[in-house]
Amino acid sequence: MPSRIAIIGAGLAGLAAASNLKSAGCDVTLFEKSRGLGGRMATRRAGALQFDHGAQYFTAKGAGFQAAVAKWQTSEDAAPWFERAFVGTPGMASPARALAKGLAVISECQVAALHRTATGWWIHDLSGHLDVPGNGSFSTVVLAVPAPQAVPLVTSAGLEFPELAQVRYAPCWALMLAFDAPIELAADRMKLENGPIGWVSRNGSKPGRPEMPDCIVVHASADWSRRHLEETPATVGRTLLAEFRTLTGVQSSPTFMTAHRWRYALVEEAAGTPFLWNSTARIGACGDWCLGPRVEAAFDSGQAIAGAVLTPS
Ligand SMILES: Cc1cc2nc3c(=O)[nH]c(=O)nc-3n(C[C@H](O)[C@H](O)[C@H](O)COP(=O)(O)OP(=O)(O)OC[C@H]3O[C@@H](n4cnc5c(N)ncnc54)[C@H](O)[C@@H]3O)c2cc1C
């Protein structure tokens, strides 16, 4: 049994790995750069407003993820939205928080480098130092961050996983709009092809949401997001709002508006393997980028790497 395990990234992949390893009796510490858990399964709150501005819903095709979703339904951390599509309740990060129960999470900690000595792995943050109990004695490190963000960490350890270089992501600009009076839309969720906007949804149409003004999430298409990638949120917000008006005919002015850039939103080219693992150095990597652009892929990859960590080398 590996003694102490460090997991970098508390999205669904890192949390699935961590919760499996903890259930197997391992001592696990998660390091997460954001304040909240769940990564791209995220909800932005502003006063009474609430927007799921990352993943919109998830499906469960395989038995492992179906079992997890069934548990989250029982604990009221998830509910069906339409057909076979589920959402976290009351926000998208609820399943992540359910997985994190009882786990040691060090949040607001961006890991910048890894270093291996004879006694184990050291985790360094941006300051070059990290004072956490047991640092320097982690037997195993699991990277559960988007592939491009895993590369510098693997390099800092003097190692490489060539498969990381083949992974490609599409970016996504997300626009969040709130209206005091409900706006008229052709449908509460719209998937669109070939235009600047790829997705529109009314947040309040999802189950388990509190009463709130009309909160709308607009996702720009991958092409549009790529072309506008380096613009400011304010500029993107104005341009996307104009596109939204053209698409929907809505002319009323939003009482709240903000734009968020997901630089690594949806996997376009996956590594094609459930995880990466170096059994000598005891370092591995997992995430949606291993298997595909879905919440379920992240979960499956996290579960799979836990199996590798538990297998004696
Ligand atoms: C706009 C958008 C729409 C989407 N729509 C859907 C959908 O409808 N259905 C679906 O199934 N999927 C959707 N997805 C994809 C889905 O969200 C992801 O596949 C899944 O959440 C990825 O989980 P993950 O754990 O692999 O990565 P992430 O969720 O990205 O988690 C990685 C975590 O690592 C942290 N991190 C990164 N670097 C460091 C570091 N150096 N130190 C510490 N922490 C670090 C990050 O803060 C993050 O919390 C969407 C994603 C986006 C962005």
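## Around the ligand

Of the 37 residues around the ligand, Gly9, Gly11, Gly39, Ala55 and Ala298 come nearest; a residue counts as near when its C-beta atom, placed from the backbone, lies within 6 Å of the molecule. Two or more residues of this shell come from each of α1 (12–23), β11 (168–179), β15 (256–269) and α8 (295–310). Helices (H or I, at least four residues) and strands (E, at least two) are DSSP runs, numbered from the N terminus.

This is a predicted model, in which local features need pLDDT of at least 70, side-chain atom pairs count only at pLDDT 80 or more, and totals for chains, interfaces and linings use all residues. Residues are numbered from 1 along each chain as its sequence is written.

## What lines the shell

The shell holds 21 nonpolar, 11 polar and 5 charged residues. Here Ala, Val, Leu, Ile, Met, Phe, Trp, Tyr, Cys and Pro are nonpolar, Asp, Glu, Lys and Arg are charged, and the others, Gly among them, are polar.

Domain 1 (4–41 + 93–167 + 270–310) and domain 2 (168–268) each supply at least three shell residues, with bounds from an automatic or database domain assignment.

## The sheet and its helix

Let's turn to the strands. Five of them form an open sheet in the order β12-β13-β14-β11-β15, with antiparallel pairing; pairing requires at least two DSSP bridges between two strands.

β12 and β13 (residues 197–202) are joined in the antiparallel sense over 3 bridges, and Met190 has Val200 in β13 as its bridge partner.
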